[in-house]
Amino acid sequence: MSEAWKITLILLRQKGTEHPPYPQSFEMQVDPDEMVLDAVERVWAFHDRSLMFRHACHHSTCGACGMRVNGVEKLTCITTIRSVTHDGGSLKVEPLRNFPVVSDLVVDMSRFYIHMEQAKAVPVEAVNEANLPYEADSTQEAGMQRLVDCIECGCCISACPVALTTPTYLGPAVLAALQDNLSQRFSPELAAFADQADGVWRCHSAYECSAVCPSNVDPAWRIMDLRKRLISNRVGQFFGKKPNYEK
Amino acid sequence: MSDTPHVIIIGAGFTGCALAHDLTLRGFAVTVVERGEIASGTSGRTHGLLHSGARYCVNDRESAIECIEENILLRKIAAQCIEFNGGLFVALNDEDLSYAPRFEQGAQSCGIPIEKISPTQARERIPHLTNRVLLAYTVPDGAFDPLRLALAFAATAKHQGARFLTYHEVKGLRMDGRARVTGVTVWDRANDKTLDIGADIVINATGAWAGQIAAFAKVDVPVTPTPGVMVAYDQRLTDHVINRLSLPGDGDIIIPQRRMAVIGTTSYEVENLDYIPVLEEQVQAMYASAVELLPAIERSHLRGAYMSARPLVGRASAAGDERDLPRTFKCFDHAATDGVEGLVTITGGKATTCRAMAETTADVVCAKLGITAECSTKEQILLSYRNFYV
């Protein structure tokens, strides 16, 4: 261990929906370059076997370990302790918002997955099938962001102020998937899915989703782009043009 | 109990999920108990390499043949979670070059299609590849998304009737007085309740933890949990898997995954499997070997570092020899090996061979219960992994 910090890890616990959630604190010695997930996993391994949290790949390819860390959505497997607290500081880990809590840090994301399936989001694709190359600095051009990098972690939905007040809202990742598909080929079914009150028009442009996205998918930009495409096609259809989203 | 035989599978990693798929297709009632989530142990923390088998074609031919056969099948049934871009084996020095004839011969005898290419061709494919490359071979390697591969098997099994009890930790095996396993006792972590579940057969598919579960029935499973470190860098730098042309060693594979390059791996033994710390010196060693193959790694940043324990069948003759243990899998019918009925252990193997591991285990289960049912997992395209949650 190169450096040792003492921190207070505060986990929001909840067992059964009939009991209210409560914080539980653990004084821990950590290496600041460890990931938040490592500290959470140690609580399970050495202190409390009843602690429930989702995790799988530990390197940001699966999206299972999205949580709120000191009030901000983070993929905990790639978030160093150094980046979110200080020596002697505290680290509060809560489940994602805007999803029903199953237990402790685990939330029920089934509704989200159903929507991603309906949006025909592509999870993994080979290079020769990809519509965008991998190599490209994510900061260069928003249009080069690959949706296939979306790992469906749910951070964007948790951060979204609209999803907080409107449970029926499809949410950023789903709309981003629709934008990605519709920008490649027109589908009346997908266009109708996006073009509804709880779809692309519910967004209030808070851009929180893009701020927390660990994969730089930039859902907020995609929602704005999708609106543009839908409007331009409505206007075009009014003048008898066929829908064309590929621009 | 109904006439349908009931099988409990302990562990929802690749093997457990693939086995639930296989057994439900063969008409069994299946319950999977898992102390964490799907793929939250070794399976989730793999490097995600869909092996062509070339890595093992010289010193572990049995594994190599299993890998190439399953590589082709998985690309068909689980295309949704596989990025199949091929890979290269590259030689950087004379020692690597001297391995080339054995490699060619090994690949040919295992039926792995390889092609020799020049350093120029190799660098055309991977512009960031070191200019020290002397020779390269193409191989049918790929990358898979670990969680989604396990989920795809689990989703399909679930829709075929399998029941998944996640966050249910096995606390004991239920035995009758005649050395027969009749079920499991599990602790429901969400509700803090203990429950007993009965079964005709219990299958221990807990990989590196197989010895711990088998110990509940006082039987021994020769498995050596052998962790390795993997380090993910924040630039992809290659679209193809890169292997060092030599016998398997530390830090000699680079796998592109999403926007990352994942370097693996090491091989050693640990005591506590439930928490394996990431050792700084191993991370440094990975970095050093990765830079040899892809110098541009110097310009990227560490994104994640993680450990997981492979379950290797057998026991290393001496500390430090873990690398020499075979990568094949083994199914133990404890009635035959230890006189304990109703318990089967499947362990060893690799993610790439999980379907075959399931097939072999399901064959053993069928034989034990006198059931004739053919395996049909080679043909069945898996449902979308998202169906696990639907």
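Which residues in H1(B) meet which residues in H5(B)? In this predicted model, Phe14(B), Cys17(B), Ala18(B), Ala20(B), His21(B) and Thr24(B) of H1(B) meet Leu149(B), Ala150(B), Phe153(B), Ala154(B), Thr156(B) and Ala157(B) of H5(B). By class, the residues of this contact are nine nonpolar and three polar, with no charged residue. Two packed helices are described by the angle between their axes and the distance between the axes. Here, helix H1 of chain B spans residues 14-25, and its axis comes within 8 Å of that of H5(B), at a crossing angle of roughly 25°. H1(B) is therefore roughly parallel to H5(B), an angle under 35 degrees being the criterion. The crossing in which H1(B) passes H5(B) is left-handed.

Ala154(B), one of the H5(B) residues in this helix contact, is also among the residues with the most contacts inside the largest nonpolar core, together with Val90(B) and Ile203(B). That core has 201 residues, and H5(B) gives the largest share of it, nine residues. With residues up to four places away in sequence left out, Ala154(B) touches Ala12(B), Cys17(B), Ala20(B), Ile38(B), Phe164(B) and Phe388(B). Of these, Cys17(B) and Ala20(B) belong to the H1(B) side of the helix pair. In soluble globular proteins, nonpolar side chains tend to be buried together.

The contact between the chains takes 37 residues from chain A and 40 residues from chain B. On the chain B side, at least two residues each are supplied by strand E4 (82-83), helix H5 (146-159), strand E14 (223-233), strand E17 (260-264) and strand E18 (302-313). This side of chain B is made up of 16 nonpolar, 15 charged and nine polar residues.

Leu312(B) counts as buried because 26 other C-beta atoms lie within 10 Å, the threshold being 20 or more. Apart from neighbours within four places in sequence, Leu312(B) is in contact with Val223(B), Thr224(B), Thr226(B), Glu322(B), Leu325(B) and Gly348(B). The C-alpha atoms of Leu312(B) and Ala208(B) are 7.6 Å apart, with a sequence separation of 104 residues.

Backbone geometry was examined next. Most residues other than glycine have a negative phi, and most peptide bonds are trans. A cis peptide bond, with omega of about -10°, joins Gly264(B) and Thr265(B). Thr265(B) is placed in the loop between E17 and helix H7 (280-293) of chain B. Arg258(B), which is not a glycine, has a positive phi of about 50°. The loop that holds Arg258(B) runs between strand E16 (253-257) and E17 of chain B. Arg258(B) is buried, as 22 other C-beta atoms lie within 10 Å.

In chain A, phi of His58(A) is also positive, near 60°. His58(A) occurs in the loop between helix H1 (36-47) and strand E3 (66-69) of chain A, and counts as buried with 28 C-beta neighbours inside 10 Å. Thr168(A), in the loop between helix H4 (161-165) and helix H5 (172-184) of chain A, counts as exposed because it has 11 C-beta neighbours inside 10 Å. Thr168(A) and Val122(A) are separated by 46 residues in sequence and by 23 Å in space, C-alpha to C-alpha.

Terms used. Residues are numbered from 1 along each chain as its sequence is written. Chains are lettered from A and ligands numbered from 1 in the order in which they are written. This is a predicted model: local features need pLDDT of at least 70, side-chain atom pairs count only at pLDDT 80 or more; totals for chains, interfaces and linings use all residues. Two residues are in contact if their C-beta atoms, placed from the backbone, lie within 7 Å. Helices (H or I, at least four residues) and strands (E, at least two) are DSSP runs, numbered from the N terminus. Ala, Val, Leu, Ile, Met, Phe, Trp, Tyr, Cys and Pro count as nonpolar, Asp, Glu, Lys and Arg as charged, and the others, Gly among them, as polar. A nonpolar core is a set of buried Ala, Val, Leu, Ile, Met, Phe, Trp, Tyr and Cys residues joined through C-beta atoms within 7 Å. A residue is buried if 20 or more other C-beta atoms lie within 10 Å of its own, exposed if 12 or fewer, and partly exposed in between; C-beta atoms are placed from the backbone. Axes are lines fitted to C-alpha atoms, for helices over the stretch in contact, and angles run from 0 to 180 degrees between N-to-C directions. Angles under 35 degrees count as roughly parallel, over 145 as roughly antiparallel, 65 to 115 as roughly perpendicular and the rest as oblique. A crossing is left-handed if the near helix is turned anticlockwise from the far one by less than a right angle, and right-handed if clockwise.
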